[in-house]
Amino acid sequence: MLLGRQSDHLENTEEREAALRTALARIEAEPELVSPEWTLQTLVPIQIEFWQADKGRLHNRLRYERPDRHTRWERHLLWP
């Protein structure tokens, strides 16, 4: 493990800095090193929605859709 301690309790920032220095030294010594916790994931969305909040709750909503990755995005305004 290099620095894979996300959300663990951290006693102080010096502990984090020391761990970072150790990890960087190991990466420098082993350039091909890959952390066992590291994962690559690729998402190909077909739908994405954005909201812009409104104090009166008439939110502006947009949805972009496409049936596959080779099709252009279509933009749709949605009801709040």
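This note goes through a few local features of a predicted model, taken point by point.

1. The side chains of glutamate 49 and arginine 63 meet in one of them, with N and O 3.3 Å apart. That pair links distant parts of the chain, since glutamate 49 belongs to strand E1 and arginine 63 to strand E2, 14 residues apart. Glutamate 49 counts as partly exposed because its relative accessibility is 29%, which falls between the limits of 20% and 50%.

2. The network around arginine 63. Arginine 63 also forms a salt bridge with glutamate 65, where the closest N and O atoms are 3.3 Å apart. Glutamate 65 is partly exposed, with a relative accessible area of 23%. Through shared partners, the salt bridges join Glu49, Arg61, Arg63 and Glu65 into one network.

3. A salt bridge between sequence neighbours. Arginine 16 and glutamate 17 form a salt bridge in which the closest N and O atoms are 3.2 Å apart. Arginine 16 is partly exposed at a relative accessible area of 41%, and glutamate 17 is likewise classed as partly exposed, at 32% relative accessibility.

4. A buried arginine without a salt bridge. Which side chain of opposite charge is nearest to arginine 66? It is aspartate 68, at 6.6 Å, and arginine 66 is buried yet has no salt bridge; the distance does not qualify because a salt bridge requires the nitrogen and the carboxyl oxygen to be within 4 Å. Arginine 66 sits in the loop between E2 and strand E3, which covers 74–78. A polar atom of the arginine 66 side chain does, however, lie 3.4 Å from the backbone oxygen of proline 45.

5. The aromatic pair. The count of aromatic pairs comes to 1. It is formed by phenylalanine 50 and tyrosine 64, whose ring centres are 6.0 Å apart and whose planes stand at 85°, so the pair is edge-to-face. Phenylalanine 50 lies in strand E1 and tyrosine 64 in strand E2, so this contact ties together parts that are 14 residues apart in sequence. Both residues are partly exposed, phenylalanine 50 with a relative accessible area of 48% and tyrosine 64 with one of 24%.

6. A nonpolar patch on the surface. Leu3, Leu20, Leu24 and Ile27 form a nonpolar surface patch, and together they present about 320 Å² of accessible area. Of these residues, isoleucine 27 is found in helix H1 and is partly exposed, with a relative accessible area of 37%.

7. Positive phi angles. Most residues other than glycine have a negative phi, which is the background for two positions that a colleague may wish to look at. Serine 7, although not a glycine, has a positive phi of about 75°; this residue lies in the segment before helix H1, which covers 13–29, and is exposed, with a relative accessible area of 68%. Arginine 57, also not a glycine, has a positive phi of about 70°. Arginine 57 is located in the loop between strand E1 (47–52) and strand E2 (60–65), and at 64% relative accessibility counts as exposed.

Conventions: Residues numbered from 1 in each chain as written. Predicted model: local features only at pLDDT ≥ 70, side-chain atom pairs only at ≥ 80, totals over all residues. Heavy atoms only, no water. Helix = DSSP H or I, 4+ residues; strand = E, 2+ residues; numbered from the N terminus. Buried < 20%, exposed > 50% of the residue type's maximum accessible area, 1.4 Å probe, protein only. Phe/Tyr/Trp six-rings, centres within 6.5 Å; stacked < 30°, edge-to-face > 60°. Patch = residues over 30% accessible without salt bridge, like charges linked within 9 Å, V, L, I, M, F, W, Y side chains within 5 Å. Areas by Shrake-Rupley, 256 points an atom, 1.4 Å probe, with all protein chains shown as cover. Lys, Arg positive; Asp, Glu negative; His and termini not counted. Polar contact = N/O pair within 3.5 Å; in protein donor to acceptor, adjacent residues only side chain to side chain.
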